[in-house]
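Let's take a walk through this protein together, moving from single residues to the spaces between them. Keep the 3D view open as you read.

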Amino acid sequence: MSFSLQDFNALLSTDKNKIGKVDDKLKNLIKKISKKLDYPFGFYNYNGRYSGYISKSNNKKTFFNFQINSEDLSVEFLIVDKNLILKFINNVNLKILRSMKKLGDTEIAIWDKRRKVCKLYPEYLDNKTWKFLYAKVGSVNSPIFKFRKIYSRGEAIFQTNKLEANIINSIKQIEIFLKYL
């Protein structure tokens, strides 16, 4: 499964047929990854486009989310419960988070429903920044914690058949976060 530059460019168009083809590619990728990891999957419509998720957890408060836009494909570890986010921030080892730079392009973002509140890069985290993040989560009404692995549209992996295996490998490494909840 691969995505071409034309697929990313199609997401800028208003041609529903072209966008639908990209959505179908994303759905097929998610189904394959779900099957290989033995995770249940699902899809949802966000701003007229499809996104998907897989989850090992039964509580629906933590899951891996997949989104594609004209700039990138992202695999996101999401926590959508304020108490769980605060627990995660309290328990996670910053050294583990910083080591995630081995996955490539990653970021941590806090959202309040549909509005991004802040964005941090794991390799630059320190205790002071982590305390700031804890306070920021506490100050918003409906926080969403996202740890994103980003595949930028121009990356060579899109011209190979290794995208699926790379995503599975990344998810397996990110799964360590579940033990901090």
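Thr160 sits in the loop that runs between β7 and α6 (163–174). Please bear in mind that this is a predicted model. Is Thr160 buried, exposed or partly exposed? Its relative accessible area is 31%, so Thr160 counts as partly exposed. In sequence, Thr160 and Phe3 are 157 residues apart, yet their C-alpha atoms are 9.6 Å apart in space.

Setting aside neighbours within four places in sequence, Phe3 is in contact with Phe8, Val22, Lys25, Leu26, Leu29, Ile68, Leu73, Phe158 and Leu163. Phe3 also belongs to the largest nonpolar core, which has 50 residues. Within that core, the residues that touch the most other members are Phe3, Phe66, Leu73, Trp130, Phe145, Phe147 and Ile167. Which helix gives the most to this core? That is α2 (residues 16–37), with seven residues. A second, separate core has five residues, among them Phe63, Ala109, Trp111 and Ile144. As background, nonpolar side chains tend to be buried together in soluble globular proteins.

Helix α3 (residues 82–91) is worth a look too. Its buried residues are Leu84, Ile85, Leu86, Phe88 and Ile89, and these pack against β3, β4, α5 (127–139) and β7. At the start of α3, a side-chain oxygen of Asp81 comes to within 3.2 Å of the backbone nitrogen of Asn83.

The side chain of Asp72 is joined to that of Arg148 by a polar contact of 3.5 Å. Not counting residues up to four places away in sequence, Asp72 touches Phe8, Gln67, Arg148, Ile150, Tyr151, Ser152 and Arg153.

Helix α5 contains Ala135. With a relative accessible area of 48%, Ala135 is partly exposed. Ala135 and Phe145 are ten residues apart in sequence, and their C-alpha atoms lie 13 Å apart.

Here are some of the residues in this report, side by side:

| Residue | Relative accessible area | Class |
|---|---|---|
| Thr160 | 31% | partly exposed |
| Thr62 | 3% | buried |
| Tyr39 | 6% | buried |
| Ala135 | 48% | partly exposed |

The largest pocket holds about 760 Å³ of space. Of the 32 residues that line this pocket, Tyr44, Asn65, Gln67, Glu76 and Leu78 lie nearest its centre. The elements that give two or more residues to the lining are β1 (41–46), β2 (49–54), β3 (62–68), β4 (72–79), β5 (106–112) and β7 (143–152). By type, the pocket lining divides into twelve nonpolar, ten polar and ten charged residues.

How many cavities of 30 Å³ or more does a search of the whole structure find? It finds one, and the largest cavity holds about 40 Å³ of space. Its lining is made of Ser55, Lys56, Ser57, Thr62, Phe63, Phe64, Phe77 and Leu178. Strand β3 gives the most to this lining, with three residues. The lining residues divide into four nonpolar, three polar and one charged.

Thr62, one of the lining residues, is found in strand β3 and is buried at 3% relative accessibility. Leaving aside neighbours within four places in sequence, Thr62 is in contact with Ser55, Ser57, Leu78, Ile79, Leu84, Leu178 and Leu181. Tyr39 lies in the loop between α2 and β1 and is buried, at 6% relative accessibility. Not counting residues up to four places away in sequence, Tyr39 touches Ser34, Ile54, Ser55, Lys56, Phe64 and Glu175. Tyr39 and Lys101 are 62 residues apart in sequence and 25 Å apart in space, C-alpha to C-alpha.

Key: Residues numbered from 1 in each chain as written. Predicted model: local features only at pLDDT ≥ 70, side-chain atom pairs only at ≥ 80, totals over all residues. Heavy atoms only, no water. Core = buried A, V, L, I, M, F, W, Y, C linked by side-chain atoms within 4.5 Å. Buried < 20%, exposed > 50% of the residue type's maximum accessible area, 1.4 Å probe, protein only. Helix = DSSP H or I, 4+ residues; strand = E, 2+ residues; numbered from the N terminus. Contact = heavy atoms within 4.5 Å. 1 Å grid on protein atoms, 1.4 Å probe; cavity = no way out; pocket = protein on both sides within 12 Å on 5 of 7 lines; lining within 4 Å. Points joined across faces, edges and corners; volume = space filled by probe spheres on them. Nonpolar A, V, L, I, M, F, W, Y, C, P; charged D, E, K, R; others polar. Polar contact = N/O pair within 3.5 Å; in protein donor to acceptor, adjacent residues only side chain to side chain.
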